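Work through the exercises below with the model open. Try each task before reading its solution.

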Amino acid sequence: MRVVIAGGHGKIALLLERLLAERGDQAVALIRNPAHVADVQKAGAEAFICDLEAASAGEVAVVLSGADAAVFAAGAGPGSGVPRKDSVDRAASVLMADAATRAGVRRFVQISSMGAGQAPRPGSDEVWAAYIAAKTAAEADLRARDLDWTILRPGGLTDAPATGRIRLAPPPLPRGKIPRADVAAVIVALLDDPGTRHQTLELVGGDSPIAAAVHGIT
Ligand SMILES: NC(=O)c1ccc[n+]([C@@H]2O[C@H](COP(=O)([O-])OP(=O)(O)OC[C@H]3O[C@@H](n4cnc5c(N)ncnc54)[C@H](OP(=O)(O)O)[C@@H]3O)[C@@H](O)[C@H]2O)c1
């Protein structure tokens with residue numbers, strides 16, 4: 001399987017690239033910083049330099065051509081302000097989906113976030129509100145497309161080791177945390193199971209082995 005990953009130097013993305021490479025799949029990491037090439041190659045991925053806030057859908061479609069799946073794992077990240085929540089968390093996902101559509105890549109897994117799809121809690125700061133608005137709009141854009149999309153909304157991300165045990169279900173799930181390593185493994189399982197298309201799934205730590213949890217929602 002050839003999988004093109006937007007935000008290919010992100011923490012989840014690097015873990016995902018390792019998992020794909022270990023089983024012989026090809027990962028292509030879209031990164032904007034040439035200094036990150038060595039890291040993604042070390043993770044077993046091919047690097048492609050592409051600033052998702054500057055590239056055109058046509059340029060990204062060239063990379064996606066011939067791929068089996070696209071994963072949106074980019075994010076403006078902590079420390080970014082309101083404008084970049086829109087230009088990355090919303091617009092870069094829209095760009096990636098436009099590119100996938102042009103390239104005929106139907107399978108698309110989007111990393112969203114728990115909290116998307118709801119109004120921010122009263123008293124939330126403006127950056128959090130902009131983040132949730134951006135994720136909500138990116139989800140809505142993807143749902144309206146004729147693609148085999150799956151929207152994955154993790155809870156609070158940690159850098160703890162993988163547990164292999166999760167709770168995965170359509171919203172709403174109670175708030176919780178989830179190691180990025182488990183999120184990466186869930187994405188692999190979602191890519192393997194096209195029966196998860198057209199689902200929006202929330203993800204936190206839990207008791208179910210990943211394969212069983214993914215199988216259980218199809
Ligand atoms: N933090 C949480 O608790 C939480 C909870 C739920 C969901 N999420 C979501 O989960 C996703 C992945 O999380 P993570 O921790 O793995 O993210 P991360 O480590 O912050 O990685 C995000 C990646 O996006 C890249 N990026 C930003 N702007 C870009 C651009 N213009 N072009 C290309 N790449 C760009 C960044 O590259 P640079 O290094 O070049 O900036 C970075 O490598 C994000 O969408 C995040 O919003 C987070």
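**Exercise 1.** How many bridges join strand 4 to strand 5, and do they run parallel or antiparallel?

*Solution.* This is a predicted model: local features need pLDDT of at least 70, side-chain atom pairs count only at pLDDT 80 or more, and totals for chains, interfaces and linings use all residues. Residues are numbered from 1 along each chain as its sequence is written, and side-chain values use heavy atoms, without hydrogens and water.

Start with the elements: strands are DSSP E runs of at least two residues, helices H or I runs of at least four, numbered from the N terminus. Strand 4 (residues 69–72) and strand 5 are joined by four bridges and run parallel. Pairing requires at least two DSSP bridges. Phe-72 has Gln-110 as its bridge partner in strand 5.

**Exercise 2.** Which residues of strand 5 are buried on one side, and which on the other?

*Solution.* Buried means under 20% relative accessible area (1.4 Å probe, protein chains only). One side holds Arg-107, Val-109 and Ile-111; the other holds Phe-108 and Gln-110. Five of the five residues are buried, so strand 5 (residues 107–111) is largely enclosed by the rest of the structure.

Next, take the other partner. Five bridges link strand 5 to strand 6 (residues 148–154), again parallel. Ile-111 pairs with Leu-152 there.

**Exercise 3.** Which atoms of Ile-12 and Arg-180 lie 2.8 Å from a ligand oxygen atom?

*Solution.* For Ile-12, a backbone N or O atom. For Arg-180, a side-chain N or O atom. The protein covers 82% of the 920 Å² of accessible area that the ligand has on its own (Shrake-Rupley method, 1.4 Å probe).

Methods:
Buried means under 20% relative accessible area, exposed over 50%, partly exposed in between (1.4 Å probe, protein chains only). A polar contact is a pair of N or O atoms within 3.5 Å; within protein, one must be able to donate a hydrogen and the other to accept it, and residues adjacent in sequence count only if both atoms are side-chain atoms.
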